[in-house]
Amino acid sequence: MPAPRPVERQLKLVVLGRDGVLNRYRTEHVAQPEEWEPLPGALDAVARLNHAGWHVVVATNQPGLGTGLLDMAGLNAVHQRMNELLARHGGRIDAVFICPHTPEDGCDCRKPAPGLLLRISERFGVPLQEIVVAGDTVRDLQAAHAVGCEPHLLRTGRCEGLSDEQVAALAAQVPGTRVHQNLEALAAHLVQREREESGESAGATDFGSLT
């Protein structure tokens, strides 16, 4: 009899916003590499996800490209710094998907439109329903919900400093949203949930998740 075919495991994919999730949110564009300042614990969180078998992708609105305030050479230099800092912590970003358009362009890829997520799903061959999406704005959640991805809201970036009631009101706008203190808490939640689902550590608590 022929040997049984090995079971193919679904690629595990989490899509993150950039500003306010991985690095400190600035009201101005991050135009220079030195302006990309990682949030405390964010680089280690990506590494933890990687080590647990997760592929991490960034989906980011960068309208400065459309207005001429940024150029691709500068943006690539920013992301080179991001990747270099991640590598020092043992982490990696598999890809960065960018919307370069302004709100007036009416594109299908500027979040809350789901175009970037559709492209990511196609590129990596992962069903949209299996993709975890995390961000610090409602538009991240809305983009996820529009195509059936799993939405998570982080209390960093534009959510930092909001009250519990304000954060709950934001999360309530998108059904199924879970709230986490930061990217570290999201990573802990995903890793622990997978362990519980596989029976490794049933009954453990995700202390980072707030809902």
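Tutor: Helices (H or I, at least four residues) and strands (E, at least two) are DSSP runs, numbered from the N terminus. The model is predicted, so that local features need pLDDT of at least 70 and side-chain atom pairs count only at pLDDT 80 or more, while totals for chains, interfaces and linings use all residues. Residues are numbered from 1 along each chain as its sequence is written, and side-chain values use heavy atoms, with hydrogens and water left out.

Student: How far apart are the end C-alpha atoms of helix 3?

Tutor: Helix 3 runs over residues 72–88 and holds 17 residues. Its expected span is 1.5 Å times one less than its number of residues, which gives 24 Å. The model agrees with this expectation, because the end C-alpha atoms are apart by 24 Å.

Student: Which residues of helix 3 are buried, and why do they count as lying on the same side?

Tutor: Buried (under 20% relative accessible area, with exposed over 50% and partly exposed in between, for a 1.4 Å probe and protein chains only) applies in helix 3 to Gly 74, Leu 75, Val 78, His 79, Met 82, Leu 85 and Leu 86. They lie on the same side of helix 3 because the arc that they cover around the axis, taken from the directions to the C-beta atoms, is only 135°.

Student: Which residue just after helix 3 takes a positive phi?

Tutor: The place to look is just after helix 3, where phi is about 80°. The residue with this positive phi is Gly 90.

Student: Which element gives the most to the lining of the largest pocket?

Tutor: Strand 2 (54–61) and helix 5 (138–146) each supply at least two residues of this lining. With three residues, the element that gives the most is strand 2.

Student: Which element supplies the largest share of the lining of the second largest pocket?

Tutor: Strand 1 (12–16), strand 4 (131–135) and helix 7 (183–197) each supply at least two residues of the lining of the second largest pocket. The largest share, four residues, comes from helix 7.
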